[in-house]
Structures are given as structure tokens and as C-alpha cells.
Amino acid sequence: MTDTTTPTTRRTVLGLTGAGVLAALAGCLGSASLPGQSTGNGNSQSARTYRVTVANLTTGQPFTPPAVVAHRAGVELFAVGDPASDAIRELAENGNLGPLGELAEASDDVRGVAVGDAPLVPDELPASEMFPAAATLELETDASGAYLSFVSMLIGTNDGFAGLDTVPLPERVNESRSYFAASYDAGTEVNTEAYGDMVPPAQALYGIDSGTDGTGMSDPDLAENGVIAPHAGIVGDGDLDPTVYGWDDPVALVQVERLD
């Protein structure tokens with residue numbers, strides 16, 4: 001591996017996983033809520049607004065912009081032991097939120113969605129000078145959307161993601177709840193830990209130029225056809241040093257407060 005430090009700019013990273021992906025997601029969501037939008041799911045008496053703060057607890061793993069979903073109990077974004085859906089596979093392999101937006105649009109059980117506008121980068125990484133380690137989102141829903149799920153790609157992995165599945169939203173105004181999110185392997189791609197098999201922002205956020213571009217497309221040659229499982233972490237078989245880019249669970253803290 002050849003590690004050459006290269007300048008990291010906000011344009012470098014957001015041009016690959018930020019504004020374009022978020023614009024596409026917004027177009028798919030329809031009536032589901034993005035920050036600053038109305039849900040259109042019910043009358044004003046049943047409307048609820050939540051402040052959701054997602055914090056990256058790792059020291060070496062940046063996250064893609066976090067996505068939080070308010071939904072009914074019947075929605076399950078992911079489950080350990082089950083194959084990953086297309087939405088989770090695209091998120092975990094490529095940082096692509098488009099299929100999640102399509103899921104939100106197609107399901108009446110999804111009552112609100114909010115997405116961050118930047119990666120969440122630990123203070124220990126060079127890109128932390130431009131990107132925060134935590135983001136606060138405003139999530140609008142109605143009384144039927146009583147549960148919260150959260151997902152975000154672990155950018156320096158082949159198919160890893162941070163996730164929180166179907167936890168209760170606070171019922172009372174000013175009530176808050178805190179949840180820890182673990183790391184998961186989508187089981188869809190072999191964990192080569194090679195820069196060439198990771199999304200391009202991985203190197204940009206690490207401030208490294210390995211001489212390979214990386215990829216934002218799934219590679220059929222690396223298809224694993226497994227199931228979602230707790231992530232084994234970085235083991236050092238490829239380009240990543242576990243002492244720098246590894247992590248321990250939990251990987252994220254999700255704090256939720258009902259505002260009205």
C-alpha cells in the first residue's frame with residue numbers, strides 16, 4: 001500500500017456522497033419529511049416534531065450523512081440473521097440512500113424521514129476540520145409513527161453500517177430518550193478492506209491517496225450472499241490499520257427529544 005497524504009476538501013467528499021445523493025433522496029421521498037418539510041401525514045393535532053442528535057462514537061470510522069426514519073411498528077429496516085434488503089445493501093456498500101427513499105415513498109407505514117447534510121467524522125481524522133462528529137436533525141411525524149430507526153454507512157468498510165432498528169420515540173413533549181447503535185455487516189460483499197473496493201470518500205476523509213480511485217458501485221465478484229450480522233471490525237487483511245481505523249461497539253449515540 002502506498003499512503004500519500006492528499007488535501008481533503010468539502011467539495012471532494014460531498015461531490016461523491018453528499019448533495020447529489022441527498023437531492024435524489026429528497027425527490028424519492030414524496031410526502032415523507034426531510035428537515036424543514038411538512039409530513040402531510042395527518043392533521044395538526046396529531047403532528048409531532050422530534051429533535052434527533054446522532055453522534056459518531058468511533059475514533060477512525062466516518063459515517064455517511066445519517067438517516068433517521070419515523071415509522072409504525074410493522075417497518076423493519078434490517079434484522080440480524082436476515083438477508084439485507086436492497087435499501088440496506090446500497091447504503092452499506094455504496095453509501096446510496098436512493099433505495100431507502102423509494103422504500104419511504106412506497107410504504108404508508110413510514111411516517112417521516114430526516115437526513116443529515118454531511119458525513120460524521122471523528123475528531124481524530126483529518127477531515128474533522130471540515131465535518132462534524134455529530135448532527136442534529138428535525139424529524140416530523142404523526143402519532144402513528146411511534147418508532148425510530150437509524151442507519152448510516154461505515155465509510156471505511158466494504159459493507160458495514162451503523163444501525164438502530166425500531167426503538168420507541170418519546171411520547172410526552174420535552175421527554176427525551178438515548179439509544180446506542182451498534183455496527184453491522186450487511187453480508188453482501190466480501191470484506192477485502194482494500195481502498196479500491198471502498199467508496200471514494202474513504203480516502204478523501206482519511207486524507208490519503210493510495211493510488212486507487214475506489215468505487216461507488218457494487219462489484220459482482222465480491223458478492224457474499226450472506227446475512228446481516230454484528231460487524232467483526234477491521235482485522236487488518238487489507239489497506240486499513242485496525243489500531244487507527246478499527247472501532248468498538250457501540251459506534252453511535254442517538255438522542256431523541258419530543259419538541260411538540
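**Strand pairing and backbone geometry**

E140 is found in strand 5, which spans residues 134-142. The model described here is predicted. At 18% relative accessibility, E140 counts as buried, because the cut-off for burial is under 20%. A47 lies 93 residues away from E140 in sequence. In space, the C-alpha atoms of E140 and A47 are 7.2 Å apart.

Strand 6 covers residues 147-153, and strand 7 covers residues 160-168. These two strands pair in the antiparallel sense. Six bridges connect strand 6 and strand 7. Together they form a hairpin, with six residues between the two strands. Within this pairing, M153 stands opposite F161 of strand 7.

Strand 7 also pairs with strand 8. Here the two strands run antiparallel and are joined by four bridges. A162 has S183 of strand 8 as its bridge partner.

Backbone geometry was then considered in the loops. Most residues other than glycine have a negative phi, and most peptide bonds are trans.

E193 lies in the loop between strand 8 (176-185) and helix 5 (201-206). The residue is buried, with a relative accessible area of 4%. That value falls in the buried class because the class takes in areas under 20%.

N225 also has a positive phi, about 55°, although it is not a glycine. The loop that holds N225 runs between strand 9 (208-209) and strand 10 (229-230). N225 is exposed, with a relative accessible area of 75%. The exposed class applies because it requires an area over 50%. Set side by side, E193 is buried, whereas N225 is exposed.

The remaining site concerns a peptide bond. D249 and P250 are joined by a cis peptide bond. Omega at this bond is about 0°. P250 lies in the loop between helix 6 (242-245) and strand 11 (252-258).

Conventions:
Residues numbered from 1 in each chain as written. Predicted model: local features only at pLDDT ≥ 70, side-chain atom pairs only at ≥ 80, totals over all residues. Heavy atoms only, no water. Buried < 20%, exposed > 50% of the residue type's maximum accessible area, 1.4 Å probe, protein only. Pairing = 2+ DSSP bridges.
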